[in-house]
Amino acid sequence: MSKNAAVVLACGVTFVAMVGAAYASVPLYRAFCQVTGYGGTVRKAEVKPGTVLDQTLLVRFDTNVRGLPWDFTAEQTDQTVRIGETKVAVFKVTNHADHPVTARAVFNVAPDQAGVYFRKLSCFCFSDQTVAAGATVEMPVLYFVDPKYASDFETRGGKVLTLSYTFFPATDVKQPAKAAD
């Protein structure tokens with residue numbers, strides 16, 4: 001093989017590797033954030049903690065929609081929770097379209113340092129949600145704040161957390177057909 005062919009082959013392999021890395025970066029970043037809590041990303045929990053502290057936090061709820069004919073609200077704007085206590089927050093979605101709409105919720109916690117300690121046992125955000133035309137549905141979230149929150153130097157003085165959700169159209173899902181006029 002000539003030197004020119006070796007250079008062309010190396011450039012081609014590098015190009016393919018860079019394109020592959022670009023496609024893999026989003027799912028890898030999402031997985032990294034979910035495992036570490038980086039950037040306020042909430043972690044899924046399998047079991048509730050065995051310890052409940054006397055220290056309380058105020059958990060605020062923020063709801064948003066982007067590109068959807070939905071109203072999305074929290075039944076309560078905030079909850080006082082003891083660290084380690086399991087709580088339920090209920091959210092409500094109304095679909096104002098004349099056809100079912102499928103969407104996906106993305107979420108985070110502020111301040112970012114608290115994301116690693118905010119855990120969900122169940123959440124509508126773990127899967128796509130399809131809401132029928134004109135329907136209103138309630139969507140509960142079962143959550144707790146890990147007791148380690150109280151001993152971490154970056155979070156131990158914190159008194160307020162904000163759990164924020166934004167619903168977007170599920171672009172990788174074929175939306176149901178609109179009703180005929």
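User: Buried means under 20% relative accessible area, exposed means over 50%, and partly exposed is what lies in between, with a 1.4 Å probe and protein chains only as cover. What percentage of the 181 residues of the protein counts as buried?

Analyst: This is a predicted model, in which local features need pLDDT of at least 70 and side-chain atom pairs count only at pLDDT 80 or more, while totals for chains, interfaces and linings use all residues. Residues are numbered from 1 along each chain as its sequence is written, and side-chain values use heavy atoms, with hydrogens and water left out. Applied to the 181 residues of the protein, the cut-off for buried gives a share of 33%.

User: In what order do the elements of the protein run from the N terminus on?

Analyst: Helices (H or I, at least four residues) and strands (E, at least two) are taken as DSSP runs and numbered from the N terminus. The protein has one helix and ten strands. Read from the N terminus on, the order is α-β-β-β-β-β-β-β-β-β-β.

User: Among contacts between residues at least 6 apart in sequence, what percentage joins residues at least 24 apart?

Analyst: A contact here means heavy atoms within 4.5 Å. Once the pairs are limited to residues at least 6 apart in sequence, the share that joins residues at least 24 apart is 77%.

User: Which residue has a side chain joined to that of Y143 by a polar contact of 2.5 Å?

Analyst: Y143 lies in strand β9 and counts as buried because its relative accessible area is 0%. Leaving aside neighbours within four places in sequence, its contacts include V59, F61, F118 and K87, and K87 is 56 residues away in sequence but 5.5 Å away in space, C-alpha to C-alpha. A polar contact is a pair of N or O atoms within 3.5 Å; within protein, one must be able to donate a hydrogen and the other to accept it, and residues adjacent in sequence count only if both atoms are side-chain atoms. The side chain that pairs with Y143 in this way belongs to Q79.

User: Is T94 buried or exposed?

Analyst: T94 sits in strand β5 and, not counting residues up to four places away in sequence, touches P69, W70, D71, A135 and T136. Its side chain also makes a polar contact of 2.8 Å with the side chain of T136. Because its relative accessibility is 17%, T94 counts as buried.

User: With which residue does K92 form a salt bridge?

Analyst: A salt bridge is a side-chain nitrogen of Lys or Arg within 4 Å of a carboxyl oxygen of Asp or Glu, and a search of the whole structure finds three. K92 counts as partly exposed because its relative accessibility is 30%. In its salt bridge the closest N and O atoms are 3.7 Å apart, and the partner is E75.

User: How many residues apart in sequence are the parts tied together by D128 and R104?

Analyst: The side chains of D128 and R104 meet in a salt bridge at 2.7 Å, N to O. D128 lies in the loop between β7 (118-122) and β8 (129-131) and R104 in strand β6 (residues 101-110), so the separation of the parts they tie together is 24 residues.

User: Are D146 and R119 buried or exposed?

Analyst: The side chains of D146 and R119 form a salt bridge of 3.9 Å, N to O. D146 is in the loop between β9 (136-145) and β10 (160-169), whereas R119 is in strand β7, 27 residues apart, so to speak of them is to speak of distant parts of the chain. Both D146 and R119 are buried.

User: Is V13 buried or exposed?

Analyst: V13 belongs to helix α1 (residues 3-36). Because its relative accessible area is 52%, V13 is exposed.
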